[in-house]
Amino acid sequence: MDPQGYAVVLVAPNQTEIFGYYYHGPLPMIGLPAQRPIDPQDTLQRLADVKSHYDRVWLVSWAEQEADPKGVIADWLA
């Protein structure tokens, strides 16, 4: 797998520290949403920005009920 053009999206920005503790790979980590409670419009704009920069995205959906209870991020990525 060539990781160029890939990124990891974490459902909750504070997960980047936890995930980064275990993950030592080359992919950039992007924590979304940027605020709680989630601002769907801001999050969708940030996802559009992610799409413009990366070809593929790995989604880490852990504790998404707290950060994105309506599944805005997962639905958009699907």
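Let me start with Val-50. Setting aside neighbours within four places in sequence, Val-50 is in contact with Val-9, Ile-30 and Val-57, where contact means heavy atoms within 4.5 Å. This is a predicted model, in which local features need pLDDT of at least 70 and side-chain atom pairs count only at pLDDT 80 or more, while totals for chains, interfaces and linings use all residues. Residues are numbered from 1 along each chain as its sequence is written, and side-chain values use heavy atoms, with hydrogens and water left out.

Val-50 also belongs to the largest nonpolar core, a set of 10 residues that includes Val-9, Ile-30 and Leu-47. A nonpolar core here is a set of buried Ala, Val, Leu, Ile, Met, Phe, Trp, Tyr and Cys residues joined through side-chain atoms within 4.5 Å. Buried means under 20% relative accessible area, exposed means over 50%, and partly exposed lies in between, with a 1.4 Å probe and protein chains only. Two or more residues of this core come from each of β1 (6-11), β2 (29-32) and α2 (40-53). The largest share, 3 residues, is from β1.

Next, Leu-47, which sits in helix α2. Is Leu-47 buried or exposed? Leu-47 counts as buried because its relative accessible area is 1%. Beyond neighbours within four places in sequence, Leu-47 is in contact with Leu-32, Ile-73, Trp-76 and Leu-77. Take Trp-76: it is 29 residues from Leu-47 in sequence, and the C-alpha atoms of the two are 7.9 Å apart.

Now the surface. Ile-18, Tyr-21, Tyr-22 and Trp-62 make a nonpolar patch of about 570 Å². Patches are made of residues with over 30% relative accessible area and no salt bridge; like charges are joined within 9 Å, and nonpolar side chains (Val, Leu, Ile, Met, Phe, Trp, Tyr) within 5 Å. A salt bridge is a side-chain nitrogen of Lys or Arg within 4 Å of a carboxyl oxygen of Asp or Glu. Areas come from the Shrake-Rupley method with a 1.4 Å probe, and for residues only the protein chains shown count as cover. Trp-62 lies in the loop between β3 (56-60) and α3 (64-67). Trp-62 counts as exposed because its relative accessibility is 54%.

Last, the whole chain. The protein chain has 4 helices and 3 strands, in the order β-α-β-α-β-α-α from the N terminus. These are DSSP runs numbered from the N terminus: helices are H or I, at least four residues, and strands are E, at least two. Of its 78 residues, 28% count as buried.
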